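The paragraphs below walk through one protein chain, from its overall fold to a few individual residues. Please keep the sequence and the 3D view open while reading.

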Amino acid sequence: MKKNLITVVILALVVVNLVLTAVLTITIIPETQKANELITKVCSAIDLDLVAGDTAGSLSVNVADMKDYAVNGGETQTINLADSGDGTLHYAVLGISLSLDTTNEDFATFGDGAGDLSAQDNIINDTIKTVISSHTIEDMRNDEEAVKEEILEALQGLFKSSFIVRVNFSSATYQ
């Protein structure tokens, strides 16, 4: 008799659990859908792209459609790095180039239409220096790709376009 009573109690608890789960589902799903709609409206109102990894544009651009632009005329740049706490001033000597997507509609808008960004070279240099100078020597040595990605995001934000698809360090020395 006790086994049957325990079975009935367990069955009743399972039914109650099922009912409560159904109530939670019915109340949470509409609110989640409303929140998603609101987020979409806000993003579209401020013109944000909802696609994650937009800066990883070089993955979708054919190498034949890329043009290389040497920043600072191909000369290396010496940039002071952030203090790493060891009491020594560190710097990076970098040769930097940008890969430009020639099929992007903004490619012809900037420069002379052939990917020559020399008119904006000072702004590009300043943006690159600002990003790199915020990193320590350990950041540069251990996670160079993340720094390149941060520079790419800053440049795409500067030009408000994704025609720059990659940042390249043709030479990199950290001291």
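From the N terminus on, the elements of the protein chain follow the order α-β-β-β-α-α-α-β. That comes to four helices and four strands, where helices (H or I, at least four residues) and strands (E, at least two) are DSSP runs numbered from the N terminus. This is a predicted model, in which local features need pLDDT of at least 70 and side-chain atom pairs count only at pLDDT 80 or more, while totals for chains, interfaces and linings use all residues. Residues are numbered from 1 along each chain as its sequence is written, and side-chain values use heavy atoms, with hydrogens and water left out.

The accessible surface of the protein chain is about 11300 Å², and carbon and sulfur atoms hold 59% of it. Accessible areas come from the Shrake-Rupley method with a 1.4 Å probe, and for residues only the protein chains shown count as cover. Of the 175 residues in the chain, 30% are buried; buried means under 20% relative accessible area, exposed over 50%, and partly exposed in between (1.4 Å probe, protein chains only). Among contacts with a separation of 6 or more, 71% are between residues 24 or more positions apart, a contact being heavy atoms within 4.5 Å.

Leu155 illustrates the buried part of the chain. This residue sits in helix α4 and has a relative accessibility of 0%, so it counts as buried. Not counting residues up to four places away in sequence, Leu155 touches Leu98, Ile124, Thr127, Ile128, Ile164 and Val167.

Helix α2 (residues 121-133) holds Asn125, which counts as buried because its relative accessibility is 10%. Leaving aside neighbours within four places in sequence, Asn125 is in contact with Val71, Asn72 and Gln77. Asn72 belongs to the loop between β1 (66-70) and β2 (77-80) and is partly exposed, at 28% relative accessible area. The backbone of Asn72 also deserves a look: its phi is positive, about 65°, although the residue is not a glycine. Most residues other than glycine have a negative phi. Lys160 is a further non-glycine residue with a positive phi, in this case near 50°. Lys160 is placed in the loop between α4 and β4 (164-174), and with 73% relative accessibility it counts as exposed.

The charged side chains come next. Side chains of opposite charge can pair when their charged atoms come close. How many salt bridges does a search of the whole structure find? The search gives three, a salt bridge being a side-chain nitrogen of Lys or Arg within 4 Å of a carboxyl oxygen of Asp or Glu. One of them joins Lys34 to Glu31, with the closest N and O atoms 3.9 Å apart. Lys34 and Glu31 are three residues apart in helix α1 (residues 2-45), so about one helical turn separates them. Lys34 counts as exposed at 52% relative accessibility, and Glu31 is partly exposed at 48%.

Glu144 is partly exposed, with a relative accessible area of 24%, whereas Lys148 is buried at 11%. Lys148 also forms a salt bridge with Glu145, at 3.4 Å from N to O. Lys148 and Glu145 are three residues apart in helix α4, again about one helical turn. Through shared partners, the salt bridges join Glu144, Glu145 and Lys148 into one network.

Asp83, Asp86, Glu138, Asp139 and Asp143 form a negative surface patch. Patches are made of residues with over 30% relative accessible area and no salt bridge; like charges are joined within 9 Å, and nonpolar side chains (Val, Leu, Ile, Met, Phe, Trp, Tyr) within 5 Å. Lys and Arg count as positive and Asp and Glu as negative, while His and the chain ends are not counted. The place of a charge is taken as NZ of Lys, CZ of Arg, CG of Asp or CD of Glu. Asp143, one of the patch members, is in the loop between α3 (137-142) and α4 (144-159). With a relative accessible area of 43%, Asp143 is partly exposed.
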